[in-house]
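Q: I am new to this structure. Can you show me how to read its features, one at a time?

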Amino acid sequence: MRVNYICRLCGPRPETDHGMPCYWVAGRPTPLLLSLSRCGGWAVLAGIVNPEPGERLGIDVENLVAVGFAGFDDVALTHRERLYVAGVCADLRQHVRAQLWSRKEALLKAVGSGLTTRPDTVDLLDDPRVADLSPQTLGLPEHLVAAVARFVVPV
């Protein structure tokens with residue numbers, strides 16, 4: 001199996017080591033769409049066999065601690081998301097921040113732009129393309145959160 005990456009900015013070049021992965025077996029693309037995320041020794045993998053043309057997939061896992069620095073809300077959240085976080089009880093704010101960040105990472109992977117898109121411009125409070133994943137269901141420890149983005153772009 002060979003992996004080629006297609007960067008939205010760089011294009012499909014053999015030396016590209018970033019962007020959306022495409023998997024090749026015996027010189028042909030496989031009917032497989034995968035997304036991988038790692039965090040603190042843990043990994044989550046999402047996959048679709050025989051994806052529809054234009055189907056997109058992104059997954060992300062995040063540590064609650066990673067979003068706890070001063071100024072995170074200003075650079076990572078939209079105005080509406082900041083208001084939402086401020087309205088959540090203090091005990092849950094870190095979890096909500098991490099979940100919003102995980103949603104953003106998953107969606108931006110699926111879109112193919114990654115963090116070339118400013119996260120504070122992407123509002124994911126109620127975007128149907130993104131779903132939260134239960135750490136327990138994935139076998140992850142409680143200090144991690146995860147999200148997956150899945151949608152089809154008309155081709």
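Q: Are F72 and W101 buried or exposed?

A: First, the basis. This is a predicted model, where local features need pLDDT of at least 70, side-chain atom pairs count only at pLDDT 80 or more, and totals for chains, interfaces and linings use all residues. Residues are numbered from 1 along each chain as its sequence is written, and side-chain values use heavy atoms, with hydrogens and water left out. Now the term: buried means under 20% relative accessible area, exposed over 50%, and partly exposed in between (1.4 Å probe, protein chains only). Both F72 and W101 are buried.

Q: How many aromatic pairs does the structure hold?

A: Rings of Phe, Tyr and Trp (its six-membered ring) pair if their centres lie within 6.5 Å; planes under 30 degrees apart are stacked, over 60 edge-to-face, and the rest tilted. The structure holds 2 such pairs. In one, the ring planes of F69 and F72 stand at 90° with centres 5.5 Å apart, so this pair is edge-to-face. F72 has a relative accessible area of 4%, so it is buried. F72 also pairs edge-to-face with W101, at 5.8 Å centre to centre and 75° between the planes.

Q: Which parts of the chain does the pair of F72 and W101 link?

A: Helices (H or I, at least four residues) and strands (E, at least two) are DSSP runs, numbered from the N terminus. The pair links distant parts of the chain: F72 lies in helix α1 (residues 72–76) and W101 in helix α3 (residues 90–111), 29 residues apart. Together, F69, F72 and W101 form one aromatic cluster.

Q: How do the axes of α2 and α3 cross?

A: Axes are lines fitted to C-alpha atoms, for helices over the stretch in contact, and angles run from 0 to 180 degrees between N-to-C directions. Helix α2 (residues 79–87) and α3 have axes that come within 9 Å and cross at roughly 155°. Angles under 35 degrees count as roughly parallel, over 145 as roughly antiparallel, 65 to 115 as roughly perpendicular and the rest as oblique. So α2 is roughly antiparallel to α3.

Q: Which residues is A98 in contact with, leaving aside its neighbours within four places in sequence?

A: Contact means heavy atoms within 4.5 Å. With those neighbours left aside, A98 is in contact with E62, N63, L64, V67 and V145. A98 is in helix α3. Its relative accessibility is 0%, so A98 counts as buried.
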